[in-house]
Amino acid sequence: METRKATVACPFCQTLNRVDLTRLEQHPKCGNCGKPILLDRPLAVADANFEQVTTDTTVPVVVDFYADWCGPCKMMAPLLDDVAHRRAGQMLVLKLDTDQNPATQQRFDVRGIPTLIVAAAKKSRVASARSRPPSWKRF
Ligand SMILES: [Zn+2]
C-alpha cells in the first residue's frame, strides 16, 4: 500500500507532527496545540528540525531558501504558494529563512537567494525501518 507521510513543524507551536498525506481531507491537527496543520502552503523549516522533517517525509520535498529583505524571493513566493496549493499531499514545500538558519544554508552551500533545492521521493518500504536522508538536487 502506498504511504505518503510528512513530518512538519506546527506553525503555531513548532511541535513536529507526523501527518498522513493520504488523509488530508480529514484535516490533520497539531497533536500538541490542536490547531490545523495546513499543507496547501509552504511551511517554515529551521536548522533545528530540517534533518528530521526532510528525512521523515516520503514525498518529494522542495526547500526555498529566502530572506525577508530579498526582493526576488518575494517575487517567487506566489509561485511556491501555487505549487504547494496544487500539489498538496503529493509534495512538501518548505521555506527556510537564511538569516535565522545559517547552518542549513552553509550545509547546502547556498550563496545566493532565492535558491531552491529538491529531494526526490524515497521508496518507503515498511520492512526497512531505517530512514535514509534524501539526496538533494539544486535548481
Ligand atoms: Zn501546534
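A residue is called buried if 20 or more other C-beta atoms lie within 10 Å of its own, exposed if 12 or fewer do, and partly exposed in between, with C-beta atoms placed from the backbone. The model is predicted, so local features need pLDDT of at least 70 and side-chain atom pairs count only at pLDDT 80 or more, while totals for chains, interfaces and linings use all residues. Residues are numbered from 1 along each chain as its sequence is written.

**Exercise 1.** Work out whether the length of helix α2 agrees with its number of residues.

*Solution.* Helices are DSSP runs of H or I with at least four residues, strands are runs of E with at least two, and both are numbered from the N terminus. The expected span is 1.5 Å times one less than the number of residues. Helix α2 covers residues 71-86, and its 16 residues should therefore span 22 Å, which agrees with the 24 Å between its end C-alpha atoms.

**Exercise 2.** Find which residues of α2 are buried, and which strands they pack against.

*Solution.* Begin with the buried residues, which are Cys 73, Leu 80 and Ala 84. Then turn to their partners: the buried residues of α2 pack against β4 (61-66) and β5 (92-97).

**Exercise 3.** Identify the contacts that Val 63 makes beyond its neighbours within four places in sequence.

*Solution.* Two residues are in contact if their C-beta atoms, placed from the backbone, lie within 7 Å. With those neighbours left aside, Val 63 is in contact with Val 45, Leu 94, Leu 96, Leu 116 and Ile 117.
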